[in-house]
Amino acid sequence: MGAGHRRAGRGEDRMSRARRAPWRGVPQQAADPGRPRLTTSAMIASIAGPDQRTRPAPFGHALVELARTRPEVLGLTADLAKYTDLHVFAQAHPDRFYQMGMAEQLLMLAAAGLAHEGFVPFVTTYAAFASRRTFDFVSQGIAEEGLPVKICCALPGLTTGYGPSHQATEDLAIFRGMPDLVIVDPCDALDIEQAVPAIAAHDGPVYMRLLRGQVPLVLDEYDYRFELGRAKLLRDGAEVLIISAGFMTMRALEAAKRLEADRVSAAVLHCPTIKPLDEATILREAGRSGRLVVVAENHSVIGGLGEAVAGTLLRAGVVPPRFRQVALPNAFLDAGALPTLHDRYGISADAMVRSIRGWL
Amino acid sequence: MDARKAVRANAPGLEDRARNIRRHALRMGEVQGQGYIAQALGIADVLAVAYFHALAYRPDDPAWEGRDRFLLSVGHYAIALYAALIEAGIVPEAELETYGTDDSRLPMSGMASYTPGMEISGGSLGIGLGIAVGMALGLKRKASDRFVYTLMSDGELDEGPVWEAAMSAGHHRLDNLICIVDVNRMQADGPSTGVLNFEPLPDKWQAFGWFAQRVDGNDIAALVAAFDAARNHAEPKPRVILCDTRMAKGVPFLETREKSHFLRVEPHEWALAIAALDEGRTA
């Protein structure tokens with residue numbers, strides 16, 4: 001950058017740089033054909049580790065099960081049945097499945113219309129499209145009228161290496177502002193299976209983040225049951241309290257185990273309902289004196305669980321000695337392989353352990 | 001069905017209904033001193049034909065399952081729909097004094113939770129047709145023979161989701177869906193085709209798989225024929241009635257005002273407007 005650029009205003013400088021040379025540098029790997037290739041950045045890479053127990057398509061199977069006793073349950077998608085596990089439902093109940101085409105705005109409006117007529121539509125797309133593209137249609141078509149549409153979205157947060165077009169790193173921030181919308185971020189296959197009937201039983205709109213395909217199974221090892229609106233203490237610990245949602249609860253449990261080996265005692269409070277938040281349980285646990293409070297989420301540091309918890313604590317005058325966030329940066333993230341990216345942005349179990357050790 | 005035949009045999013009744021709808025709308029407009037009066041006057045004939053010729057409903061049971069659905073996508077036309085709901089006996093006439101005031105059931109933009117007979121909360125323009133698609137699919141699931149009508153404005157044609165919904169209705173062959181477009185050629189920033197040209201309209205809808213009719217939206221006989229043709233059309237297609245209307249129709253001194261999207265009317269002019277309506281009756 002020459003002096004001329006430095007003299008320019010910050011915004012101008014950034015723009016001129018982007019126009020001149022927007023491209024990244026040539027990676028080492030390309031220069032060295034002997035180096036092993038990193039794993040894929042394909043759209044739907046599984047987040048399951050190599051030795052992890054999994055269940056296939058828990059959302060699709062749970063919805064089929066639910067539909068057996070609830071004839072008003074329907075499935076709608078915007079050209080993403082296969083990629084949201086709704087194809088399982090479509091195969092089991094072809095007469096109750098609607099392919100709406102790659103038209104997310106219509107998807108939400110048609111679901112509203114079906115809900116007006118007494119049905120309970122489960123609609124699926126990717127989280128990025130539901131949150132960024134259809135916000136007004138969910139707000140005015142569905143939520144303002146209190147309609148029981150269940151919006152279930154794959155690829156929440158950083159669960160694809162495809163880049164910002166598909167990485168819904170701000171979906172919770174966007175949807176938390178919508179009155180009357182319940183928001184759920186389940187951890188694993190068991191959480192999803194139990195959440196499906198629970199959100200169907202709620203008489204109002206719900207946004208649920210989905211893990212799809214081969215989904216890890218973790219919570220069956222804990223005395224756990226999903227309850228809408230409730231946070232659950234999965235393990236107790238004296239020095240650290242990790243409050244987490246989504247698959248970050250898996251990472252939190254893994255991190256807690258590793259910290260235990262270092263004689264650091266960490267509790268994990270799983271908080272799958274982001275809104276309405278289980279403030280009573282959060283205040284009770286965070287109010288226990290002396291613990292570092294870490295909120296871990298698969299979402300931007302802005303507007304997700306971390307800030308929701310922080311606001312809850314401040315409003316109640318509960319101030320832990322230290323409060324930290326494990327979350328994605330406020331940035332458009334890189335494309336790449338998920339393990340690389342999770343490590344780069346601090347949401348892998350390794351990165352989480354490193355962070356917590358540093359904060360102690 | 002018998003009631004409909006009786007109305008049809010007495011066609012001048014619809015003229016009276018339309019005039020009453022205009023009068024209710026003017027009285028509500030007077031409460032606020034301004035508003036979407038020109039649209040209400042322009043669409044009154046369409047609403048008269050809808051509510052007193054085409055639609056099945058029960059005034060004392062607005063949520064009756066056997067009703068035809070009438071969705072107001074263009075939420076700021078609420079003043080027009082309230083006038084029709086008053087004329088239809090669904091909303092008491094005395095309530096028009098509360099139009100747009102605190103705690104009224106008649107807010108300036110139509111919302112389902114406020115007003116009996118208001119099926120959806122429109123207002124965020126371009127959402128009604130998509131909801132109508134879902135309702136039409138839902139009625140078919142329930143094996144209902146009722147229609148979903150949705151009223152939108154030509155300005156709403158600017159909105160992309162309208163065309164997603166239009167394509168979807170054609171794809172799903174929704175022959176129980178009737179879309180009414182008020183082509184009054186005026187939107188917030190000026191004449192509609194200058195804002196974003198939507199012509200040729202019938203060709204567009206036909207290309208999306210619809211049975212399209214274009215009529216003079218202030219000609220009651222033409223509207224009756226168009227609604228009948230829409231209901232009775234044999235092809236398994238959604239139906240659209242493109243209604244060319246005149247802003248402020250029925251009150252000549254308002255018809256000629258240029259800034260007609262949100263009309264200002266001086267306090268003394270309301271009585272003149274109602275008098276002009278009545279003059280039209282005797283003329």
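Ala248(B) lies in the loop of chain B that runs between strand 8 (239–244) and helix 10 (252–255), where helices (H or I, at least four residues) and strands (E, at least two) are DSSP runs numbered from the N terminus. The model is predicted, so that local features need pLDDT of at least 70 and side-chain atom pairs count only at pLDDT 80 or more, whereas totals for chains, interfaces and linings use all residues. Residues are numbered from 1 along each chain as its sequence is written, chains are lettered from A and ligands numbered from 1 in the order in which they are written, and side-chain values use heavy atoms, with hydrogens and water left out.

Although Ala248(B) is not a glycine, its phi is positive, at about 65 degrees, and its relative accessible area of 1% makes it buried (buried means under 20% relative accessible area, exposed over 50% and partly exposed in between, with a 1.4 Å probe and protein chains only). Ala143(B), in the loop of chain B between helix 5 (128–141) and strand 3 (148–153), likewise has a positive phi, near 55 degrees, but Ala143(B) is exposed, with a relative accessible area of 70%. Most residues other than glycine have a negative phi, and most peptide bonds are trans. Against that background, the bond from Glu199(B) to Pro200(B) is cis, with omega near 0 degrees, and Pro200(B) sits in the loop between helix 7 (192–195) and helix 8 (201–207) of chain B. In chain A, the peptide bond from Lys275(A) to Pro276(A) is also cis, with omega near 0 degrees, and Pro276(A) belongs to the loop between strand 12 (273–275) and helix 12 (279–286).

At 7% relative accessibility Arg22(B) is buried, and its side chain reaches the backbone oxygen of Lys249(B) at 2.9 Å. Apart from neighbours within four places in sequence, the contacts of Arg22(B) (heavy atoms within 4.5 Å) include Leu41(B), Asp45(B), Asn218(B), Lys249(B), Gly250(B) and Leu277(B).

Arg22(B) also belongs to the lining of the second largest pocket, where Arg19(B), Arg22(B), Lys249(B), Gly250(B) and Gly280(B) lie nearest the centre among 15 lining residues. A pocket here is an open set of points on a 1 Å grid over the protein atoms alone, where a 1.4 Å probe fits, with protein on both sides within 12 Å along at least five of seven lines, and its lining residues have an atom within 4 Å of a point. The volume of this second largest pocket is about 270 Å³, a volume being the space filled by probe spheres set on the points, which are joined across faces, edges and corners. Helix 11 of chain B gives the most to its lining, with five residues.

The largest pocket, with a volume of about 740 Å³, is lined by 29 residues, and Ile47(A), Ala48(A), Gly49(A), Gln52(A) and Arg251(A) are those nearest its centre. Helix 11, helix 14 (338–344) and helix 15 (349–359) of chain A are the elements that each give two or more residues to this lining, and the largest share, six residues, comes from helix 11. The buried residues of that helix include Met248(A), Met250(A), Arg251(A), Leu253(A) and Leu259(A). Just after helix 11 of chain A, Arg263(A) takes a positive phi of about 60 degrees.

Terms used
A polar contact is a pair of N or O atoms within 3.5 Å; within protein, one must be able to donate a hydrogen and the other to accept it, and residues adjacent in sequence count only if both atoms are side-chain atoms.
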